[in-house]
Amino acid sequence: MLIQQPPDAKLPEHLYSNSNIGHYQNPFASSEDRLTSADNHSYPPPRAPSIADSDSPPAYAERQPNPSASTSALVSDGATVVGSNRWKKAKRRRRLRVAAASVLCVYVTSSAILLGLFFTGHLGKRSTSTRRPTSSGLFQPELPPGYRPPGAPVADGFPSMCNAWSVEKSSSAKTNVQPERTDYLQYTLAPNTTTTSLLKLFIHAGDYAASSGTLIVVSDSTISVPIVDVTMKYRNGYVKSDTNVCLMRTPDKVGLGIYSSNSSAAEHASFDIALHLPTGLFIDELDTNLPFFTQNIGSSSEDFETPLGTLKLGGSFSPMFVSGRNVTAKNVVAQTSFSTIWGHFTTSESLTLQTSQAAINVNVSLVRLSDNAKPVALSLTTENAIVQSAVTVSTTTNNTCEDPSVSDFTIHAQSANAPVSVTVLHAPDSSAAKIDVVATSSYAPVVVSLDPLFEGTFSLTSGIGADFDEDNDIPDPLGLGRQRQYLITENTAWEVEGTATWDPNDPFPRLGSANLSTQHAKAILYMKKKCTGSSCPNLNAMNLPDP
C-alpha cells in the first residue's frame with residue numbers, strides 16, 4: 001500500500017545531510033541532477049511523469065528542477081514503475097502465446113499433408129527434378145540406388161532409366177475437356193553382354209497398371225539393336241505423375257515396363273508402343289504381358305524377317321494378331337481370356353493358343369526339322385467361342401529311319417460351347433508325316449479335314465451322329481499307282497472307327513490318328529482330295545475372317 005503524504009510534509013533532516021560534501025543529496029535524483037545541483041547545494045525532487053505527454057507506456061519523464069514539488073510525487077513514481085513492468089510481462093506472454101499457436105498450426109498442417117501423401121501413394125515417390133541428358137538428346141531423371149517403381153514386380157528387375165520424356169505437346173482443339181497431351185520417349189534394348197549372351201526382351205504392364213493402347217512389333221533393316229518407341233497420351237497432369245515408363249533389366253533380360261501407383265484413378269494413360277527388331281537378328285525370347293493392349297506382331301504389308309526363339313504373348317483383355325508374313329518362332333505361347341487370337345503362325349517346336357471367351361482364327365505352319373527329336377505340337381483351346389484353323393505341315397525326315405511310335409505332329413483343338421474346325425494339309429515339298437489330331441467340343445459340331453497323305457486310325461464319337469466322308473478315287477499323291485484303302489471297324493449312328501492307308505502291306509507303317517468327339521452335335525471327318533475352295537469343310541479356316 002502506498003501512503004500519500006501531505007504536500008507540506010518534509011522528510012527527516014538526516015536524509016538530506018551528507019557529511020562528506022557538506023550538503024544534502026536527494027536519493028531519488030539522477031546523476032545529472034546531482035551534478036547540476038552541486039553548485040546551489042539543493043536538489044529538488046523529480047517531477048512525476050504525465051500520461052498525457054506520450055502514447056507510449058508510462059515511463060520516467062525528463063526530470064526538471066522544481067523546488068515546489070512535493071514528496072508525494074516520489075512515491076507515485078515508484079508505483080508507475082511497477083505498473084510498467086506488469087504491462088511488459090503481459091505483452092511478452094501474449095507474444096509467446098501467438099508464437100506457440102503458430103507453431104502448433106504449422107505442425108498440424110504439415111502432419112495432414114504428409115498423411116494425405118502417404119495414403120494416396122505419393123510419399124516416397126521419386127523426384128524428377130534432377131535430370132541429365134541421354135545420348136538420344138532426351139532427359140533422364142536420376143534414380144536412387146535400389147529404386148523400383150511402384151507396381152513393378154520383382155521379376156522385372158530394376159530400372160536403368162525412367163520417364164525420359166521429350167518435350168510435351170498438347171492438342172489445340174478447343175473443347176470443354178482438358179486438351180490431350182502427348183509425350184514421347186525411346187529406349188534402346190541392348191542386353192548386358194557381361195551377364196548373358198542371349199537377347200531376351202520383354203514388354204510388361206505392372207500388376208496395377210490399367211493403361212491401354214497398342215503394341216506393334218516389326219522388323220527394321222536400318223537398325224542393329226532393338227529399339228522401342230513409346231507415345232503416351234493423357235489429359236490430366238496427375239496421370240503422368242502416377243505413371244512410370246522404365247527401361248528395366250534383369251541379369252538375363254532387358255525390356256520396357258509400364259507401371260502405375262494409382263490403379264483406381266478416374267483416368268489412365270494410353271500408349272502406342274512400337275518395337276523395332278533388327279532384320280536377321282535372332283531374338284532368343286520376346287515376352288509381353290499387356291492386359292489391356294491390342295498386340296500386333298508384324299504388318300500384313302511387310303515380311304517379318306526377324307527369327308524368334310520363343311514368343312510369349314499375354315494379357316487377359318488383350319486381342320492378339322499375328323499379321324506379318326513369315327512370322328517364325330520355335331515356340332509360341334499366346335494366352336488371353338476375353339479377346340480374340342487371330343493370325344498366321346509358323347513354328348518348329350510348339351504353338352499354344354489359349355483363350356476362354358473369344359474365338360481363335362489362325363493359319364498355322366508346322367515345320368519339323370531333321371534334328372528335332374520331339375513332335376511339333378499345336379494346341380488351340382477356348383470355351384465359349386469358335387476354333388478355326390488351317391494347319392500346313394512340313395517335314396523332310398526319312399520315314400524308314402523314323403521311330404514308328406514317334407509322331408511328327410500333334411494337333412489338339414478344343415472348345416466347349418462352340419464349333420471346332422481343323423483342316424490339315426501337307427506342304428507341297430513335304431513327305432508324308434505322322435499326324436495325331438484330337439478335336440473336341442460339347443454342345444457344337446466338330447469338323448476335321450485330312451488331306452490324302454494322311455494315314456492312320458480314326459474315331460468319331462457323338463451323341464447326335466457321326467459322319468465319315470471319304471473319296472475312294474483319290475490318286476496316289478506319290479505317283480506310285482497305289483489305291484486308297486479304308487477299313488471300317490465300327491459304324492453306328494453315334495460312333496465310327498476305322499483305318500485309312502495307302503499300302504496295307506507297308507513294312508514300316510507310320511500311322512497317325514484322328515479322334516473327334518462331341519456330345520450334343522455332329523462329329524464329321526473328311527478324307528477327300530486336296531481341299532480347295534468350296535470343297536473344303538463349311539467351318540474351315542483357309543481364308544481367315546476379319547478379326
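Figure 1. The model is predicted. The protein chain has 547 residues, and 41% of them are buried. Its secondary structure consists of 3 helices and 30 strands. Take the contacts between residues at least 6 apart in sequence: 68% of these join residues at least 24 apart.

Figure 2. Leu 189 sits in a loop. Leu 189 has a relative accessibility of 0%, so it counts as buried; the cut-off for buried is under 20%. Leaving out residues up to four places away in sequence, Leu 189 touches Leu 199, Leu 201, Pro 226, Val 228, Leu 247, Val 254, Gly 255 and Leu 275.

**Figure 3. Leu 189 and Leu 277.** These two residues are 88 residues apart along the chain. The separation between their C-alpha atoms is 9.7 Å.

**Figure 4. A nonpolar patch on the surface, formed by Leu 104, Tyr 107 and Val 108**. Together, the three residues have about 340 Å² of accessible area. Leu 104 belongs to helix α2, which spans residues 72-119. The relative accessible area of Leu 104 is 52%. Exposed means over 50%, so Leu 104 is exposed. Leu 189, by contrast, is buried.

Conventions
Residues are numbered from 1 along each chain as its sequence is written. This is a predicted model: local features need pLDDT of at least 70, side-chain atom pairs count only at pLDDT 80 or more; totals for chains, interfaces and linings use all residues. Side-chain values use heavy atoms; hydrogens and water are left out. Helices (H or I, at least four residues) and strands (E, at least two) are DSSP runs, numbered from the N terminus. Buried means under 20% relative accessible area, exposed over 50%, partly exposed in between (1.4 Å probe, protein chains only). Contact means heavy atoms within 4.5 Å. Patches are made of residues with over 30% relative accessible area and no salt bridge: like charges are joined within 9 Å, nonpolar side chains (Val, Leu, Ile, Met, Phe, Trp, Tyr) within 5 Å. Accessible areas come from the Shrake-Rupley method with a 1.4 Å probe; for residues, only the protein chains shown count as cover. A salt bridge is a side-chain nitrogen of Lys or Arg within 4 Å of a carboxyl oxygen of Asp or Glu.
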